[in-house]
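Keep the structure open beside you as you read.

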Amino acid sequence: MPIRSRSHILEEESIRRFHDALPSGWVYRGKAPDYGIDGEVELFDPEGSSTGISFNVQLRATDDAARADRVRLEVDELDYYRSLDTPTAVIRYGSPHESLVWQWASNIASSVEIAENQKTVTYHFSEDERWTETTPAAIRRTLEVRRHLANYPPDAAVALRLDLSAIPAVRRYPLDRIIAGAISESRGALVRAATHNADVEAFARLEPGFLTVGIDTLTGVTFDMVDPTPDDYLASTLYALVHLFRQQRLTRQAEALALFLVDRELAHHDSNLAFDACMALTSDLPALVDLAIINGLHDLAEPMHALVSLSICKARQHDEATRGAAMDVFFEATLTSAEESESTSIAAAHYSIGNFYRSQNDLVRAITHYNHARRLRPAYLQASYFLRELAGVLFLAGHYVLAELFYHEAARLDPDDSFLSFLLGDAHLLSGKIAQARACFNIALASCNSSRLQHESELKIAFCDYLIASSGADTVPRRRYEANGIIRSDGRDSAEHLEYLLSEIDALNPLARFNLGIIRARESDRNAALHHFLACAFIQPQDIAAWANAAICAVGLGDESLLLRILGTAIHHMGADAYDYFRADVAAQGMPTESLALLDGIAMQMLEESELSEDDSFTLRILDGDDFHSMKVVKPD
């Protein structure tokens with residue numbers, strides 16, 4: 001006869017026990033296998049009407065009495081629970097005593113320490129988390145609070161209930177007064193809780209060595225306190241409330257409390273909470289910077305330094321001047337802090353600030369800070385990464401000869417870096433040293449693993465060959481300012497004048513190349529037009545028309561391989577806009593639907609690869625003697 005496994009029997013036993021523990025009006029529905037969700041409970045009122053409130057259940061059972069008060073969960077499970085709109089209760093059933101203990105998954109996630117790369121956590125239930133006759137009422141209240149929070153008025157204060165019962169009587173009065181003062185000065189964010197419970201209520205439970213701050217049983221933060229002063233209790237309470245209010249989208253109340261922290265110059269030892277409070281002030285950048293400095297986040301050794309920088313820069317509700325002024329104040333504090341330590345730290349501060357401005361394309365400021373860094377610490381000139389980054393900024397600013405110098409030295413220090421060879425090739429190319437550029441692109445092509453870099457290297461090698469053949473020389477003239485003075489801005493220069501300008505004055509003038517490309521395309525000289533448009537695109541990678549026209553020339557030449565190389569390179573530089581522009585042109589010119597669909601499929605694959613490789617980040621390097629700790633900083637969501 002078939003024998004049922006103990007695990008199946010135990011599972012059914014736990015469901016029956018849990019069902020029996022629910023009020024008669026509540027309905028438990030098991031779910032089809034899902035990631036960590038066993039069922040759902042829907043709440044009905046005593047008259048049998050649905051309340052529209054429900055919660056998920058993750059039910060874990062054990063026959064081991066010693067493990068009935070603990071549960072092991074995967075970290076990915078906890079992340080999944082937090083992503084759901086409906087809250088999840090984790091319930092543990094112990095068969096030896098038919099016991100049930102429980103806690104909200106969100107509270108478990110906030111109370112356990114999770115190390116980097118940790119896969120599982122074990123949560124120990126306390127005696128207070130045992131399921132009793134009062135548990136359903138507590139659950140219902142939490143779910144009702146959650147519903148009220150979703151529609152909480154932005155101008156309404158949140159009631160704060162203060163629990164000092166565990167504090168020695170002689171210490172209660174000063175604590176009560178300092179927190180009462182904060183409530184009254186909280187700019188309408190808080191109000192003292194009344195005797196009866198409000199619809200939404202926060203609490204702060206103070207103990208001699210411990211503090212718990214939360215919103216009902218929905219969410220909370222706990223602190224271990226070592227010999228805390230009243231100010232310590234106050235700061236931790238307020239920073240926790242800002243964090244919880246932001247979690248629950250009470251943005252106005254969070255901002256008001258954060259402004260109070262600025263007014264009182266209250267700092268917190270937890271840099272994550274400090275940064276979170278700064279983020280409550282993104283609509284007031286001067287206050288955000290003040291709070292960051294109060295918390296020491298302007299110190300370059302503080303990892304949150306970079307995140308504050310990015311947050312200021314990306315604050316969309318402010319104009320460029322406001323963001324710039326805030327960045328100036330923040331970075332000035334960074335340099336002042338560095339000056340109080342040692343000269344090498346000042347150099348490191350200038351370097352990281354320059355790196356930040358480079359990531360934001362503020363080239364003048366980036367160069368200024370890089371130059372400060374190398375003067376204060378000449379050893380930077382023996383660091384390949386520094387030379388490469390300085391060269392990159394100089395290149396983007398149009399100082400190609402200087403960029404050549406620094407790229408060449410970086411490549412000497414790091415000869416196995418194929419991308420450095422490619423970058424040096426670009427600097428040679430735009431300095432007019434075509435043969436040297438071709439040699440660098442060949443090195444990059446031979447050693448690179450990136451299809452994108454391979455395609456662009458192949459395009460540039462072919463262009464170098466064209467330029468050497470058409471000019472009859474390994475170098476070409478690059479008198480850019482002279483060329484800009486004699487070319488017409490309306491595009492009415494003759495082909496002869498443009499050819500003269502390119503051969504005698506500036507072989508890589510983008511406007512001359514583009515206009516001559518248009519002329520040659522009209523003459524059906526697609527090969528010449530192709531190279532003129534490619535030259536313009538190489539000089540100005542954001543020139544969407546140049547990329548599109550080069551791709552159209554490749555279509556006219558019937559060279560599918562060339563077309564794909566151009567599209568892949570254009571998409572790398574310009575994203576979907578590059579393909580959209582090209583697609584609109586060829587569709588208007590009557591490309592067959594089947595051919596267009598084929599190109600669309602290829603473009604979608606290219607775009608996916610390009611988007612996967614994109615990031616919004618910069619590198620922060622913290623000086624440690626003669627070494628550096630590197631950190632790639634990605635903008636927060």
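At what angle do helix H6 (residues 230-247) and helix H8 (residues 271-279) pack?

## Helices H6 and H8

Before the answer, a quick reminder: this is a predicted model. H6 and H8 pack at an angle of about 60°, and their axes are 9 Å apart. Angles from 65 to 115 degrees count as roughly perpendicular and those under 35 as roughly parallel, so this pair ends up as oblique. The crossing of H6 and H8 is left-handed.

Who does the touching? On the H6 side you'll find Tyr239, Val242, His243 and Arg246, and on the H8 side Leu273, Ala274, Asp276, Ala277 and Met279. Sort the residues of this H6 and H8 contact by class and you get six nonpolar, one polar and two charged.

## Helices H15 and H16

Now hop along to another pair. The axes of helix H15 (residues 400-413) and helix H16 (residues 418-431) come within 9 Å and cross at roughly 155°. Anything over 145 degrees counts as roughly antiparallel, which is why H15 gets that label relative to H16. H15 passes H16 in a left-handed crossing.

Where they meet, H15 brings residues including Tyr400, Val401, Tyr407 and Ala411, while H16 brings, among them, Leu420, Leu424, Ala427 and Ser431. By class, the contact of H15 with H16 has eleven nonpolar, three polar and one charged residues.

Time for some strands. Strands of a sheet pair through backbone hydrogen bonds, either parallel or antiparallel. Here, an open sheet of five strands runs in the order S9-S8-S10-S11-S12, and its pairing is mixed. Strand S9 (190-192) and strand S12 (219-224) sit at the edges with a single partner strand each, so one side of each has no neighbour in the sheet. From one strand to the next, the twist averages 20°.

Zoom in on one of the pairings: strand S8 (residues 158-163) pairs with S9 in the parallel sense, over three bridges. Leu160 stands opposite Arg192 in S9.

Last stop: Ala292, which lies in helix H9 (residues 285-294). Is Ala292 buried or exposed? Its relative accessible area is 0%, and buried means under 20%, so Ala292 is buried.

Leaving out residues up to four places away in sequence, Ala292 touches Cys278, Leu297, His298, Val308 and Phe330. Take Phe330: Ala292 and Phe330 are 38 residues apart along the chain, and their C-alpha atoms are separated by 8.2 Å.

Definitions and conventions:
Residues are numbered from 1 along each chain as its sequence is written. This is a predicted model: local features need pLDDT of at least 70, side-chain atom pairs count only at pLDDT 80 or more; totals for chains, interfaces and linings use all residues. Side-chain values use heavy atoms; hydrogens and water are left out. Axes are lines fitted to C-alpha atoms, for helices over the stretch in contact, and angles run from 0 to 180 degrees between N-to-C directions. Helices (H or I, at least four residues) and strands (E, at least two) are DSSP runs, numbered from the N terminus. A crossing is left-handed if the near helix is turned anticlockwise from the far one by less than a right angle, and right-handed if clockwise. Contact means heavy atoms within 4.5 Å. Ala, Val, Leu, Ile, Met, Phe, Trp, Tyr, Cys and Pro count as nonpolar, Asp, Glu, Lys and Arg as charged, and the others, Gly among them, as polar. Two strands pair if DSSP finds at least two bridges between them. Buried means under 20% relative accessible area, exposed over 50%, partly exposed in between (1.4 Å probe, protein chains only).
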